[in-house]
Each structure stands twice: as C-alpha cells, then as structure tokens.
Amino acid sequence: MPIPATAPARNTKSDTDPDALSVLNHVFGLPGFRGAQEEIVRHVTGGGNCLVLMPTGGGKSLCYQLPSLLRKGCGIVVSPLIALMRDQVAGLLEAGVKAAVLNSTLSYEEASAVEARLLAGDLDLLYVAPERLLTPRCLNLLGRADVALFAIDEAHCVSQWGHDFRPEYIGLSVIAERFPDVPRIALTAPADDLTRKEIVDRLGLNNAPSFVASFDRPNIRYEIVDKQNAQSQLKAFIAERHAGDAGIVYCLSRAKVEDTAAALNKSGVEALPYHAGLDAGTRARNQDRFINEDGIVIVATVAFGMGIDKPDVRFVAHLDLPKSIEAYYQETGRAGRDGKPSSAWMAYGLSDIVQQRRMIDESTGAEAFKRVSIGKLDALVSLAETANCRRSRLLGYFGETPAAAKCGNCDNCLSPPLVRDGKVAAQKLLSCAYRTGQRFGAMHLIDILVGRLTERVTQFRHDKLSVFGIGADLNEKQWRGVIRQLVAMGHLAPDSEAFGALKLTETARGVLKGETEVMLREQVAGARIRSVRTKSRRGDIAPQIAGSGGAANPGLVGALRAWRSGVARTRGVPAYVVLHDATIDGIATSRPTTLAGLRNIPGIGDKKLEHYGDELIALVKAAG
Ligand code: ADP
Ligand code: ZN
C-alpha cells in the first residue's frame with residue numbers, strides 16, 4: 001500500500017490522466033497501472049520530486065519512463081549497472097522509444113553522437129552511469145539540454161552503511177544543486193530507515209513524498225526443506241517443478257558451485273557456473289547466456305545477481321544458508337519479476353548453522369559486529385524453523401503487517417508441518433550429549449540414541465551408558481531434525497573450540513528439568529508441494545497465466561518460444577526483450593487470429609504489433 005504523500009503533488013492534471021494511460025497502452029502494450037504507479041507517474045509528470053520504494057519486480061521502471069515520455073525533454077536515468085542499462089534500452093527501442101546509453105562502453109564517436117541527439121531533442125530517455133554524469137563535460141551537456149527529469153535508480157547505493165555502497169553515488173547531490181527545477185525521482189528496493197534518510201539527504205528530497213509499496217512478492221512460493229543430500233534434492237526439485245525453466249542456484253563456495261553445475265549438467269539440466277574464481281570473460285559469457293537464452297540455470301556464489309533484470313527467472317534455490325533475512329530476501333527476490341508463479345527454495349540443515357556460526361566466530365570483526373551477525377543469523381534460522389507461514393514471518397521482519405496470517409503460497413501453509421511436544425526427545429538428546437562429555441557431534445549422538453554398535457560407540461564404551469538405545473522410537477532423520485531444532489532454539493550449541501562437537505547451553509538445564517517447553521516440528525512424510533504451475537485439462541503442463549482462466553496451448557507456447565529465440569539471436573537482444581513470457585502465454589491462451597486481437601494481449605504495443613504482428617498471427621494459425 002502506498003503511504004500517503006507527505007506533500008501535495010504539484011500537478012495540474014485531472015485524476016485519471018488519459019495521456020499516461022494511453023502512452024502505457026500504446027507504447028508498452030499494458031492495459032493498466034499497478035499499485036502506486038499511477039500516482040507516482042502523475043506526481044512526477046506534474047513536476048514533483050519523490051522517493052519510491054518498491055520490491056524487485058514491482059514495476060519501478062515505468063515510474064520514470066512514462067513521465068519522461070509525457071514531459072517535454074529527455075529523461076536522464078542514473079543507473080550503476082551497465083548490463084541493466086543495455087537491456088533496458090534494448091527493451092525501450094523495441095517499444096519504439098528513443099532511448100540511448102552514455103557509459104564507458106561507448107567509443108568517443110558513439111558518445112558524441114548520443115550527445116548530439118540529446119541536444120537536438122531527439123531522445124526520450126538517456127541512461128547515464130553515475131561517474132559519467134559527474135564529469136564536467138556531462139554536467140555541461142545536461143545544462144544545455146532540455147531535461148524532463150532525473151531518475152536515480154538503485155538509490156540505496158548512496159548509503160555508506162548499505163551493502164551496495166558506491167562512492168560515485170555520493171556525488172549525485174550535485175543534481176539537486178545544479179538542476180533544482182528539474183524533478184528528481186529516486187528509486188530503490190525496500191530499505192531500512194537509515195538508508196532512506198541517507199537517500200533523502202543526499203539527493204535533496206527533504207520535502208518530497210515517499211511512495212512505499214508492500215514488500216510482499218505474492219507470486220513467489222517460499223519453501224525450506226530439510227537438507228539430506230542437497231544435490232539430489234535440488235535435481236528432484238528442478239525435475240518435478242521447474243524442468244526447462246531459468247533459475248539461479250546459490251552456493252557458498254566456488255568448489256560447490258562447480259560441483260553442482262557439473263551434477264546438473266550430468267542430469268540433463270543446462271547449468272553454468274559463476275564465481276569470482278572464473279576469468280572475467282567466462283563470467284561475462286555465462287551471464288550473457290543466462291540472460292539471453294531460454295531455460296538456463298546459473299549456479300553461483302552471491303557475487304552473482306545484482307543488476308540482473310531478467311524477468312523470467314522461475315526459481316532461486318539456496319544450497320547453503322544465506323547470512324541474513326535481508327540477504328535471503330534480496331536473493332530470492334530475483335525470481336519472478338514478471339509476476340508469474342515462481343519458487344524460492346532452500347535446503348537447510350544443522351551443518352549450515354554450524355558453518356555460519358564458525359564463519360562469524362572466526363571473522364576478525366569487532367565483538368559488536370559479531371553480535372549483530374549472530375542476531376541476523378538467528379533470525380534467519382528461526383524463519384527456517386518456523387511452523388507458521390513463512391511470508392508472514394518475512395513481512396513481519398521488515399515491519400509490515402501481512403494482510404492474512406496465512407498466505408496460502410508457502411510450504412507451511414500448503415502442507416502444514418506437524419508440531420509435537422518434543423520435551424522427552426529433547427531430554428534424551430541433551431542427556432546423551434551431557435553423558436558423553438559434550439565432545440561429540442550429531443552423528444555419534446544419534447548412533448548412541450538409536451542403539452547402533454559402531455566402532456566408535458564400542459571404543460568409548462558408550463553402549464554401557466543408560467542413554468544407549470533409548471531413542472529407538474525415532475529414526476535417524478527425525479533425530480537430525482531434533483538436534484537441528486535444539487541448536488536453532490539455543491539449547492545446544494556448536495563448540496567453537498572442538499569442531500563438530502555439540503555443547504549444552506545455559507538454557508538446556510530448564511529443558512532437562514522439564515521446566516522449559518519444547519515444541520518440535522516435523523515435515524509430514526510424503527506431503528509434497530505440487531508444481532507452481534497448473535495442469536491443463538489435457539494433462540500437459542501449461543504455464544499458468546495470472547488472472548486468466550484459460551489454458552495455454554503448449555504446442556503454440558513451444559513454437560512462440562522458438563520463434564522468439566530466433567528473433568532475439570538475429571537482433572542480438574535478450575529473448576525477454578522481444579516478448580515476455582507473460583505475453584507468450586497470453587497469445588497461446590487467447591490465440592488471436594487478427595491484429596486487433598493480438599493488440600489486446602498485454603505486452604503488445606503499437607511497435608511490436610507493427611514489427612511482429614503478421615509473424616505471430618501466422619504462428620497462431622499454423623498451430624491450429
Ligand atoms: P523493478 O524495476 O521494480 O524490479 P520492473 O520495472 O523491471 O520492476 O518491472 C517488473 C516487471 O513488471 C516487468 O516485466 C514489467 O513489464 C512488469 N510491469 C510493470 N508495470 C506493469 C503494469 N502496470 N502492468 C503489467 N506489467 C507491468
Ligand atoms: Zn504462508
């Protein structure tokens with residue numbers, strides 16, 4: 001929900017601006033605005049400054065693209081990411097908008113040509129890298145040009161406290177000083193108060209309203225599973241739910257990235273590695289293929305993702321635990337920017353908590369920093385362990401009250417875990433750890449509890465203990481779950497001195513005495529989350545179309561995708577720049593056989609109709 005403007009919008013136009021709507025429809029082929037877009041567009045078109053906070057995929061681009069088209073002059077977009085600028089401009093050119101970039105990838109002649117077009121009034125939108133904008137030459141150029149507005153994308157990069165700080169963003173305060181009468185719109189994903197304040201201060205937005213959209217990403221299905229064999233779980237997840245889809249798999253280490261990519265390729269999933277150990281050429285090539293081609297899975301360390309604008313990433317999978325809920329949310333947020341059903345899937349186990357704790361313990365940071373890091377890790381672990389709605393947890397963490405206590409689109413809502421009184425199991429486990437001197441790891445404790453006579457058990461004479469075999473009522477997998485949850489609850493902790501050993505904490509006493517309640521969750525065996533896609537009546541998997549009851553013709557979807565790949569390759573642009581998946585699905589569902597019918601499909605504006613209309617209709621007719 002947009003928060004009401006703190007200052008009145010300076011605009012003179014009527015409430016429903018026919019111009020804005022008609023440009024939205026003719027140029028972008030879209031029937032209507034989303035959320036606060038309309039209000040923002042009206043405000044900026046009317047000459048107002050503002051700050052826009054919207055989650056990834058919320059539709060920030062239109063908030064400055066439309067006012068740039070509606071106002072006199074050229075909209076200047078400051079963006080830190082060259083790949084993103086390039087793809088945005090490619091998309092705008094496809095829609096018939098006069099757009100260009102000004103960054104270090106241009107030769108002197110190319111840059112001069114762009115500058116000449118700007119001065120001649122031949123550009124609607126110009127994307128400029130921040131360091132470029134700050135040069136005297138560029139500021140001078142802008143002084144002579146007719147500027148419609150300044151849009152500062154990824155505005156959180158001005159924050160020195162944030163994780164994406166870019167020193168050149170600090171210099172952007174010059175925009176407000178040099179061009180006080182040109183409207184400024186700063187855009188960013190959800191950011192905390194400190195970052196917001198920094199953006200407002202640096203960009204001179206003190207009296208400007210903020211438009212804050214909900215953090216929620218309703219089309220993303222959250223799912224966190226017990227880690228058994230992460231690689232085979234991942235393969236099954238992709239095969240069952242996302243065969244042929246584009247996705248990102250995050251791993252902590254380079255070795256694991258390579259290993260996982262190889263395993264996926266072996267199982268027939270086209271996967272490419274991405275990590276800092278690869279040379280720049282290979283990294284760029286793999287990233288380009290992921291963006292441009294259909295259905296590629298990229299396996300990456302967290303180095304990958306910032307500035308990836310690909311709208312049709314259908315899943316983000318974590319094989320290792322991220323550092324915090326913020327990181328998890330940012331990484332999973334790269335799925336489903338186009339609003340279509342997508343998955344955020346994570347496999348998580350005891351070793352993840354132990355590993356992250358160790359990384360924090362061994363880091364050279366100050367004690368206060370370590371404490372904050374541990375707090376952030378604990379919050380993420382409790383998200384992973386909750387038996388309640390994941391989405392409510394996430395939104396609550398960001399200070400938002402969810403519309404409903406249950407979202408209906410996370411694993412816990414779709415297949416509620418059993419929650420049981422685990423006091424006795426916890427006591428057995430804790431006394432087992434205690435009686436063995438708090439020197440052993442999970443595996444050995446489980447061996448003792450289930451009564452397995454391993455070499456080690458015999459060696460330490462642990463078969464003579466009273467706890468030997470007292471846990472035979474649970475299996476190994478269940479015991480692993482008990483241990484993980486006791487660690488997550490803080491009754492048991494990895495020993496920072498002896499690797500792998502589990503120690504009792506202060507709070508364990510209360511559990512052993514029976515004073516502390518312990519509720520344990522258990523995933524219901526056999527309860528599987530079905531595909532995020534729906535099955536068509538014919539039983540084939542058909543992509544689901546949000547808000548549409550019809551079923552897409554799968555043969556036609558295939559034909560349209562193949563056509564799109566061909567066009568994208570010839571034109572040298574990403575496939576999604578030619579047509580979005582949602583547009584392909586729209587065509588395959590309503591199967592228009594006239595240009596007028598095709599024009600009604602969201603994503604088909606005037607230019608696309610002109611360029612591709614006949615070919616698309618021929619494909620529809622050929623599919624019968
Ligand atoms: P952001 O920059 O906030 O991550 P984008 O501007 O890239 O988001 O938009 C995300 C996706 O949503 C794009 O695929 C875009 O076409 C689509 N979109 C944006 N606004 C609308 C709208 N009003 N109607 C339909 N689709 C929209
Ligand atoms: Zn839920």
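A polar contact is taken here as a pair of N or O atoms within 3.5 Å; within protein, one must be able to donate a hydrogen and the other to accept it, and residues adjacent in sequence count only if both atoms are side-chain atoms. The model is predicted, with local features needing pLDDT of at least 70 and side-chain atom pairs pLDDT 80 or more, while totals for chains, interfaces and linings use all residues. Side-chain values rest on heavy atoms, without hydrogens and water, residues are numbered from 1 along each chain as its sequence is written, and chains are lettered from A and ligands numbered from 1 in the order of writing.

At ligand 1, a polar side-chain atom of Arg337 lies 2.7 Å from an oxygen atom of the ligand. The backbone contributes as well: a backbone N or O atom of Gly57 is 2.6 Å from a ligand oxygen, and a polar backbone atom of Gly58 is 3.4 Å from an oxygen atom of ligand 1. Of the 560 Å² of accessible area that ligand 1 has on its own, the protein covers 82% (Shrake-Rupley method, 1.4 Å probe; for residues, only the protein chains shown count as cover).

The shell around ligand 1 holds 15 residues, the closest being Gly32, Gly57, Ser61, Arg337 and His580, where a residue is near if one of its heavy atoms lies within 4 Å. Helix H3 (residues 60-70) gives the most to this shell, with 3 residues; helices (H or I, at least four residues) and strands (E, at least two) are DSSP runs numbered from the N terminus.

Turning to the aromatic rings, those of Phe, Tyr and Trp (its six-membered ring) pair if their centres lie within 6.5 Å, and planes under 30 degrees apart count as stacked, over 60 as edge-to-face and the rest as tilted. By this rule there are 8 aromatic pairs. One of them joins Tyr222 and Tyr328, tilted at 45 degrees between the planes and 6.3 Å centre to centre. Because Tyr222 belongs to strand S8 (residues 220-226) and Tyr328 to helix H14 (residues 325-332), this pair ties together parts 106 residues apart in sequence. Tyr222 and Tyr328 are both buried (under 20% relative accessible area, with exposed over 50% and partly exposed in between; 1.4 Å probe, protein chains only).

The ring centres of Phe237 and Phe315 are 5.7 Å apart and their planes stand at 85 degrees, so the pair is edge-to-face. Phe237 lies in helix H11 (residues 230-241) and Phe315 in strand S12 (residues 315-318), so parts 78 residues apart in sequence are tied together.
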